[in-house]
Amino acid sequence: MLVDTHCHLAAEAFGADRPDVLRRARLAGVERVVVIGESPAAAEAALGLAASEPMVSVAIGVHPHDAKDWSEERAAWLRSALDHRAVVALGEIGLDYHYDHSPREVQRRVFEAQLALAEELRLPAVIHAREADADVLAILAGAPKIPVILHSYSSGLALLEGALALGAFASFSGMVTFKTWTGDDLIRSVPLDRLLVETDSPYLAPVPHRGKRNEPAFVRQVAVRVAAVRRMPVEELIALTGANA
């Protein structure tokens, strides 16, 4: 099964042709997409999409950019939203020290709170890590032992190795096809039973779609590239990552 484990299909970028996007995904062999609801509005849209599209599953969480908006009310909303039958994970959550849209101390506190909620609800957690490797690893090391997915991985080897030692999964996106990509060693470092592929669409469109809007159908290009790095048939890589998903 070809699975796009992380896309933002509820985003406005798909507002005009979302049904066509899903049709193209099916034609490309994609059988499941996980749509991220990183805010109340995005979560509502993702859940609405899942209600009419059997191939859609949903992950809901508070993105580190929005950690500043965390409150008792937001925590209660998240707990309630995660109870929906279409929800398969909590996320994306984590730390982003590149943009610092939320204070770092607040990001860390909200990250820890959501990991605790994921443990309570027995949900995997989808992790966003940008220029915060040491703090992400420290929080994961001290967190409950729940399945975590390092999404669209492009950070350092130390975070990857540390997270893998804790049992994490790692997901790779269209970045692996870019001319500027230098992380093939990262791809080779992930055990085959913990390897995933994604688009992170509408962002990070893979070659040959670079510069265009990304969409779930393009996850096949990611799988092709990852399979080449791992020196294995692409259909075998698709079967493995689908089983992992």
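**Entry 1: the second largest pocket**

I looked up the second largest pocket and found about 310 Å³ of space in it. A pocket here is an open set of points on a 1 Å grid over the protein atoms alone, where a 1.4 Å probe fits, with protein on both sides within 12 Å along at least five of seven lines. Its volume is the space filled by probe spheres set on the points, which are joined across faces, edges and corners.

I note that this is a predicted model, where local features need pLDDT of at least 70, side-chain atom pairs count only at pLDDT 80 or more, and totals for chains, interfaces and linings use all residues. Residues are numbered from 1 along each chain as its sequence is written, and side-chain values use heavy atoms, with hydrogens and water left out.

Which residues lie nearest the centre of the second largest pocket? I found Val-34, Val-88, Ile-149, Asn-244 and Ala-245, out of 17 lining residues (a lining residue has an atom within 4 Å of a point). By class, I noted 12 nonpolar, 4 polar and 1 charged. Nonpolar means Ala, Val, Leu, Ile, Met, Phe, Trp, Tyr, Cys and Pro; charged means Asp, Glu, Lys and Arg; the others, Gly among them, are polar.

**Entry 2: the largest pocket**

Next I checked the largest pocket, with about 620 Å³ of space. It has 21 lining residues, and Asp-96, His-128, Arg-130, His-151 and Asp-200 lie nearest its centre. Strand β5 gives the largest share of this lining, 3 residues. I sorted the lining into 6 nonpolar, 8 polar and 7 charged residues.

**Entry 3: the sheet**

I traced an open sheet of 8 strands, in the order β1-β2-β3-β4-β5-β6-β7-β8, with parallel pairing. Strands (E, at least two residues) and helices (H or I, at least four) are DSSP runs, numbered from the N terminus. Two strands pair if DSSP finds at least two bridges between them. The edge strands, β1 and β8 (195-197), each pair on one side only. I found 5 bridges joining β4 to β5. Leu-95 has Ala-129 in β5 as its bridge partner.

**Entry 4: two helices**

How do the axes of α8 (residues 219-230) and α9 (residues 234-244) cross, and at what angle? They come within 9 Å and cross at roughly 110 degrees. Axes are lines fitted to C-alpha atoms, for helices over the stretch in contact, and angles run from 0 to 180 degrees between N-to-C directions. The two helices are therefore roughly perpendicular (65 to 115 degrees). Among the α8 residues that meet α9 is Val-224; contact means heavy atoms within 4.5 Å.

Technical notes. Parallel < 35°, antiparallel > 145°, perpendicular 65-115°, else oblique.
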